[in-house]
Amino acid sequence: MGNVSSRIKMSTIKLFIKMFLCLFFASLVSAWDPSKPLPSCLTSNLTWDQSDIFDVILNCQSPDECQVICANTDDCHSFTWLSAESPIFPLGCGLFSVTGAELPCDNCVSGARECPCTVKGECDSVGDNMIEALPQIPTATDCRHICEENPSCSQYN
């Protein structure tokens, strides 16, 4: 039982550290630069049915910051961030509980609550940054849990 309690405490500490780092790095971003490429799981000029938005956060400076907000919000499945050029809710971050058919939108960037390494182009294996390779892990979720249990692991693929 103590082993399970230790794992839960370590998981909580790791989650807190990850959230702190995400918020810290997001605060360093002054504004979104459209000349910078988006992560491969984010898409420009598309959104979903607005009736599925359950919250809008104003003064959100970038799609990355909006994604961090979504990742740290219960029930957030995906998000749409509106640029400063948007005629409605400029620098707004809309949080979606579900997504359906994709709809066009101007001056927006949308994506899932997180960009996992299972999305092509999200994580790089460079030099000696690979900790270990584990064969036959059934799902990406299982792989994520294994990574979360290892303090040296920050990405998985």
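Cys-105 and Cys-108 form a disulfide (a pair of cysteine sulfur atoms within 2.5 Å), with 1.6 Å between their sulfur atoms. The torsion about this S-S bond is about 50 degrees, so the link is right-handed. Both Cys-105 and Cys-108 are buried; buried means under 20% relative accessible area, exposed over 50%, and partly exposed in between, with a 1.4 Å probe and protein chains only. Cys-60, by contrast, is in no disulfide, and the nearest cysteine sulfur, that of Cys-93, lies 4.4 Å away. Cys-60 counts as buried because its relative accessibility is 0%.

This is a predicted model, in which local features need pLDDT of at least 70 and side-chain atom pairs count only at pLDDT 80 or more, while totals for chains, interfaces and linings use all residues. Residues are numbered from 1 along each chain as its sequence is written, and side-chain values use heavy atoms, with hydrogens and water left out.

The structure holds three disulfides. One of them joins Cys-66 to Cys-93, with an S to S distance of 1.9 Å. This pair links distant parts of the chain, 27 residues apart: Cys-66 belongs to helix H2 and Cys-93 to strand E4. Helices (H or I, at least four residues) and strands (E, at least two) are DSSP runs, numbered from the N terminus. The link of Cys-66 and Cys-93 is right-handed, with 85 degrees about the S-S bond, and both cysteines are buried. Another disulfide is formed by Cys-70 and Cys-76, whose sulfur atoms are 2.0 Å apart. With -100 degrees about its S-S bond, the link of Cys-70 and Cys-76 is left-handed. Cys-70 and Cys-76 are both buried.

On the surface, Val-56, Leu-58, Ile-88 and Phe-89 form a nonpolar patch with about 370 Å² of accessible area together. Accessible areas come from the Shrake-Rupley method with a 1.4 Å probe. Phe-89 sits in the loop between E3 and E4, and counts as partly exposed because its relative accessibility is 47%.

Methods. Patches are made of residues with over 30% relative accessible area and no salt bridge: like charges are joined within 9 Å, nonpolar side chains (Val, Leu, Ile, Met, Phe, Trp, Tyr) within 5 Å. A salt bridge is a side-chain nitrogen of Lys or Arg within 4 Å of a carboxyl oxygen of Asp or Glu.
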